[in-house]
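Reader: I would like to learn how to read pockets and helix packing from a model, one feature at a time. Could you take me through an example?

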Amino acid sequence: MQVSIACTEHNLKSRNGEDRLLSKQSSTAPNVVNAARAKFRTVAIIARSLGTFTPQHHISLKESTAKQTGMKYRNLGKSGLRVSCLGLGTWVTFGGQISDEVAERLMTIAYESGVNLFDTAEVYAAGKAEVILGNIIKKKGWRRSSLVITTKLYWGGKAETERGLSRKHIIEEIVRAMTHVINQGMAMYWGTSRWSAMEIMEAYSVARQFNMIPPVCEQAEYHLFQREKVEVQLPELYHKIGVGAMTWSPLACGIISGKYGNGVPESSRASLKCYQWLKERIVSEEGRKQQNKLKDLSPIAERLGCTLPQLAVAWCLRNEGVSSVLLGSSTPEQLIENLGAIQVLPKMTSHVVNEIDNILRNKPYSKKDYRS
């Protein structure tokens with residue numbers, strides 16, 4: 001199980017001479033918690049397995065568009081927190097695949113394009129991703145109130161006391177812990193990541209039973225080849241308890257980018273030793289079938305005047321139940337290309353979506369759909 005925390009108006013805390021997000025230390029240091037009150041706001045998200053809830057209603061989130069950048073903003077679930085519909089993730093890249101200079105360039109491009117949501121985790125690059133993110137924010141001097149930073153807690157360190165969600169690591173009981181964080185002024189909302197619908201409902205019930213604060217969002221994988229949770233399970237949670245979706249991996253770890261059409265390039269993520277599982281997925285029979293489907297989707301992208309990655313990201317955004325889609329880029333060119341999906345979104349008509357569904361042939365159906 002994993003916890004993700006989204007922060008606004010956050011402080012930066014020095015750790016071993018480096019600037020690190022304060023959320024990493026606030027769970028175990030009372031003096032830090034006291035100093036952070038009214039300065040540090042967080043949204044916590046917790047992760048687990050899939051559930052079996054089905055949608056019954058249409059989802060419609062209030063959306064606004066920034067005149068200067070064209071970026072669109074949506075509410076995080078039914079909360080009042082406004083997040084850019086595209087966010088920037090740091091998995092694999094920050095502290096690993098790219099240099100600090102490139103990381104700064106990526107964040108600058110994203111920020112100047114209207115992105116206010118940046119995602120990281122304490123386990124990314126053994127904590128370096130958080131450090132780099134904090135250093136860049138401090139260096140750029142961006143207003144704290146203009147940012148929403150998400151970081152995930154669970155894996156921490158190697159010792160038993162350095163990982164998990166016990167009181168030693170954050171606070172023993174998750175719902176009580178998140179309520180405590182919010183009541184201390186360090187957080188505004190909290191949510192879950194990779195949890196099943198049943199577990200999210202259980203957290204909501206516990207919160208209501210003991211007069212605590214329930215989750216407002218779920219962070220889930222969502223792309224052309226991974227659809228069921230976001231399209232079948234989460235919509236009912238949105239309508240019942242207001243939980244929204246923050247999705248990640250819109251390009252399926254790069255599979256949808258088109259770079260793997262002729263094998264695994266040496267400079268790609270799948271070529272890294274720690275991503276052998278991704279390489280195996282790409283060269284598998286199912287992986288080859290996916291590449292063939294991507295080739296069939298290319299004419300649609302060409303007709304719409306966009307690239308395949310832009311089509312894939314816009315396809316995710318066309319789901320009105322998605323509050324924000326987290327992008328992962330290793331070069332400025334990739335990020336600029338992916339941000340261009342905002343311009344493709346208006347072209348995602350029902351006809352285009354149906355065309356894509358006919359090619360993918362993986363649209364999930366609820367039990368209600370089968371009965372009808």
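Reader: Which helix gives the most to the lining of the largest pocket?

Author: Please keep in mind that this is a predicted model. Rolling a probe the size of a water molecule over the atoms shows where empty space is left. In this structure, helix 12 gives the most to the lining of the largest pocket, contributing three residues.

Reader: What is the volume of the largest pocket, and which residues are the closest to its centre?

Author: The volume of the largest pocket is about 810 Å³. It is lined by 38 residues, of which Trp91, Ser249, Cys253, Arg269 and Gly328 are the closest to the centre. The elements that give two or more residues to this lining are helix 3 (93–97), strand 13 (217–221), helix 9 (276–283), strand 15 (322–327) and helix 12 (332–339).

Reader: How do the residues in the lining of the largest pocket divide by class?

Author: In the lining of the largest pocket, 17 residues are polar, 13 are nonpolar and eight are charged.

Reader: Turning to helix packing, at what angle do helix 7 and helix 8 pack?

Author: Helix 7 (residues 197–209) packs with helix 8 (residues 228–241) at an angle of about 15°, and their axes are 10 Å apart. Angles under 35 degrees count as roughly parallel, and helix 7 and helix 8 are therefore roughly parallel to each other. Their crossing is right-handed.

Reader: Are helix 10 and helix 14 roughly parallel or roughly antiparallel?

Author: Here helix 10 (residues 285–304) and helix 14 (residues 350–360) pack at an angle of about 165°, with axes 9 Å apart, which makes helix 10 roughly antiparallel to helix 14. The crossing in which helix 10 passes helix 14 is right-handed. On the helix 10 side the contact is made by Lys293, Asp296, Leu297, Ile300, Arg303 and Leu304, and on the helix 14 side by Val352, Glu355, Ile356, Ile359 and Leu360.

Reader: How many residues of each class are in the contact of helix 10 with helix 14?

Author: That contact of helix 10 with helix 14 has seven nonpolar and four charged residues, and no polar ones.

Methods
Residues numbered from 1 in each chain as written. Predicted model: local features only at pLDDT ≥ 70, side-chain atom pairs only at ≥ 80, totals over all residues. Heavy atoms only, no water. 1 Å grid on protein atoms, 1.4 Å probe; cavity = no way out; pocket = protein on both sides within 12 Å on 5 of 7 lines; lining within 4 Å. Points joined across faces, edges and corners; volume = space filled by probe spheres on them. Helix = DSSP H or I, 4+ residues; strand = E, 2+ residues; numbered from the N terminus. Nonpolar A, V, L, I, M, F, W, Y, C, P; charged D, E, K, R; others polar. Axes fitted to C-alpha atoms, helices over the stretch in contact; angles between N-to-C directions. Parallel < 35°, antiparallel > 145°, perpendicular 65-115°, else oblique. Left-handed = near helix turned anticlockwise from the far one by under 90°. Contact = heavy atoms within 4.5 Å.
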